[in-house]
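Q: Please take a close look at one part of this structure and describe how it is held to its surroundings. Begin with the packing, then move on to the charged side chains.

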Amino acid sequence: MVDKVLTANRLTDGVAVWLNANGEWTLSLQEALVARHAEAEAALEAIGKQAYADNKVVDVNLIDVQETGGKLWPLRLRERIRAEGPTMEYAPGYAAADPDFIAV
């Protein structure tokens with residue numbers, strides 16, 4: 001079984017967020033609560049559906065991750081980019097993603 005984390009976009013500004021162990025949406029993938037079995041995945045899905053229904057977040061998804069060297073790595077490139085930011089600088093305060101993190 002592949003480990004999973006719950007991700008979404010904040011409704012207020014569209015920024016990518018991840019659910020942490022305190023039930024809060026955090027900006028850091030590294031703070032995300034990791035589901036390591038089917039029951040935990042189901043619980044995360046239920047939390048995500050409720051957060052969506054409460055208009056806190058949109059585009060709620062469980063994504064596949066692996067832990068390597070104590071760091072969470074999304075398996076899909078799209079999710080690595082969402083976790084680290086854009087692939088290029090595009091506005092003040094938004095630095096380009098770490099190329100080593102998003103490398104395939």
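A: Contact here means heavy atoms within 4.5 Å. The model is predicted. Leaving out residues up to four places away in sequence, V34 touches D3, K4, V5 and L72. V5, V34 and L72 also belong to the largest nonpolar core, a set of 10 residues that includes L29 and A83. Strands β2 (16-19) and β4 (57-68) are the elements that give two or more residues to this core.

L29 leads on to helix α2. The C-alpha atoms of L29 and R80 are 9.4 Å apart, although 51 residues separate the two in sequence. R80 sits in helix α2, which spans residues 77-84. Its relative accessibility is 12%, so R80 counts as buried. A polar atom of the R80 side chain lies 2.7 Å from the backbone oxygen of P74.

Now the charged pairs. Side chains of opposite charge can pair when their charged atoms come close. R78 and D59 form a salt bridge, with 3.5 Å between the closest N and O atoms. R78 is in helix α2 and D59 in strand β4, so this pair ties together parts 19 residues apart in sequence. R78 is partly exposed at 38% relative accessibility, and D59 is partly exposed at 38%.

A salt bridge also joins R82 to E79, at 2.8 Å from N to O. These two are 3 residues apart in helix α2, about one helical turn. R82 is buried at 16%, and E79 is buried at 3%. D59, R78, E79 and R82 are linked in a network of salt bridges.

Notes
Residues are numbered from 1 along each chain as its sequence is written. This is a predicted model: local features need pLDDT of at least 70, side-chain atom pairs count only at pLDDT 80 or more; totals for chains, interfaces and linings use all residues. Side-chain values use heavy atoms; hydrogens and water are left out. Helices (H or I, at least four residues) and strands (E, at least two) are DSSP runs, numbered from the N terminus. Buried means under 20% relative accessible area, exposed over 50%, partly exposed in between (1.4 Å probe, protein chains only). A polar contact is a pair of N or O atoms within 3.5 Å; within protein, one must be able to donate a hydrogen and the other to accept it, and residues adjacent in sequence count only if both atoms are side-chain atoms. A nonpolar core is a set of buried Ala, Val, Leu, Ile, Met, Phe, Trp, Tyr and Cys residues joined through side-chain atoms within 4.5 Å. A salt bridge is a side-chain nitrogen of Lys or Arg within 4 Å of a carboxyl oxygen of Asp or Glu.
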